[in-house]
Amino acid sequence: MALWNSGKSFFPVSSCPTVGISGLATGGGYGFLARPYGLTTDYILGMRIVTANGDRLVVNNVTNRDLFWALRGGGASSFGIVTLLAMQVVPAPPLVFTATVVWSLEQFIEVFKAWQRFTLNGPRTLTAKMNINSGTIGIYFVDSTGLALNFDKVEKSFPPANSTSHSLFNYPDFLVDIAGTLKIENGESLDSENMLHLNRTSDGSKYQVERSFYVQKLACERDISVLLDFLNEVPSSVTVSFQAYGGAINDVKNDDTAFVHRNGRLALAIITNDVLTNSDLSANAFLDEYFELGKRIFNQKESYQNYADGQLSDYLQRYYGKNLGRLIQVKQKYDPYNYFHNPQSVPTS
Ligand SMILES: Cc1cc2nc3c(=O)[nH]c(=O)nc-3n(C[C@H](O)[C@H](O)[C@H](O)COP(=O)(O)OP(=O)(O)OC[C@H]3O[C@@H](n4cnc5c(N)ncnc54)[C@H](O)[C@@H]3O)c2cc1C
């Protein structure tokens, strides 16, 4: 908001206002303007970092370049403490067009076929997220040009919907809109002013369990119907989502930074179980079933490092792919005694 107020500029961020910048930017950073603008990590110009031996380093494209490469996609938690992030800012889109389109689950096969065509060939000004929950499919489209034109064309490639609604926002109001139903502690609605002062406390009674993987192959009709059989079985606490990738995310090569999930990754598939108490975890079995199904249907081999998944045994390969060897070399150089570690951090060997 401060960037907008001081010159109507921005850099792309996540779709959730409670996410912190350090983890988001150093691990990736996908939001509703990702296809036209790319990932948050692609806007890092430089950093200051304190390393395990206490050195305070300037990290950018000239100084400590290997660390600069690693800290864009490799996450910060393996290498040191980031104390400053310098970000490239660009003019914010003056107007943002959004559309919410809803179908019933019976239309899934045709809707998913159209969704796949969109993720493969859709205009890069349009970013979209599909959510499937309680027998309903909803797709939220966002166009960074503020025009309905591209959406109108794409909409024609989908089957007729049960409902469609459109909105046009300036950038700050768009941020508030995607923050959705978030409320401030005292019950006030979120707006562009009080958004900066969000209270992040939680009463601990609500849990969200999530698994994710990258879609690397289009599903054929037979597999889409297998997916539909699965969706017909999931309880209402479970939401299956797909976030469209491509566009500007792919303008950067998958070894230019440590963020590997670029060309050929059509979408990030996410399955979420919203549970009310810690003991109500039975629906988690559906998350695991979906994850296995994804291996066969979507040839999934990679997961998003910012959605840490404690069940993965091959997490290093899944998070970093071909960039893993280079990340280990950077780790050996800057933190040889593995001072900065967690259960899924980059190892020293
Ligand atoms: C509700 C929710 C919604 C989300 N939505 C999105 C989304 O839309 N798009 C998306 O891309 N991702 C999303 N994420 C994932 C998000 O990108 C990661 O959780 C990210 O790590 C959050 O960054 P953070 O700074 O809040 O990290 P934290 O949770 O505070 O930390 C994550 C890790 O980074 C380390 N770390 C944090 N700051 C520093 C620092 N300054 N120096 C060194 N290490 C540090 C921490 O020690 C920890 O290991 C979401 C997560 C949540 C919980």
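Helices, as I use the word today, are DSSP runs of H or I with at least four residues, strands are runs of E with at least two, and both are numbered from the N terminus. The structure shown above is a predicted model, in which local features need pLDDT of at least 70, side-chain atom pairs count only at pLDDT 80 or more, and totals for chains, interfaces and linings use all residues. Residues are numbered from 1 along each chain as its sequence is written.

I shall start with the ligand. Around the ligand there are 22 residues, and the closest are S14, G20, S22, G23 and S77. In terms of class, the shell has 14 polar residues, eight nonpolar and no charged ones. Here Ala, Val, Leu, Ile, Met, Phe, Trp, Tyr, Cys and Pro count as nonpolar, Asp, Glu, Lys and Arg as charged, and the others, Gly among them, as polar.

I turn now to the domains. Their bounds come from an automatic or database domain assignment, which gives domain 1 as 2–92 + 322–334 and domain 2 as 96–298. The C-alpha centres of the two domains lie 24 Å apart. Between them, 26 residues of domain 1 are in contact with 28 residues of domain 2, where contact requires C-beta atoms, placed from the backbone, to lie within 7 Å. On the domain 1 side, helix 3 (34–37) and helix 4 (65–70) are the elements that give two or more residues. Helix 3 gives the most to that side, with four. By class, the domain 1 side has 14 nonpolar, eight polar and four charged residues.

Finally, helix packing. Axes are lines fitted to C-alpha atoms, for helices over the stretch in contact, and angles run from 0 to 180 degrees between N-to-C directions. The axes of helix 5 (residues 108–121) and helix 8 (residues 221–233) come within 10 Å and cross at roughly 125°. Helix 5 contributes F108, I109, F112 and K113 to this contact, and helix 8 contributes E221, I224, S225, L228 and L231. These residues comprise six nonpolar, one polar and two charged.

Helix 8 also packs with helix 9 (residues 284–298), at an angle of about 175° and with the axes 11 Å apart. D223, V226, L227 and F230 of helix 8 meet E289, Y290, L293 and I297 of helix 9. This contact has six nonpolar residues, two charged and no polar ones.

How values were computed. A residue is near a molecule or strand if its C-beta atom, placed from the backbone, lies within 6 Å of it. Two residues are in contact if their C-beta atoms, placed from the backbone, lie within 7 Å.
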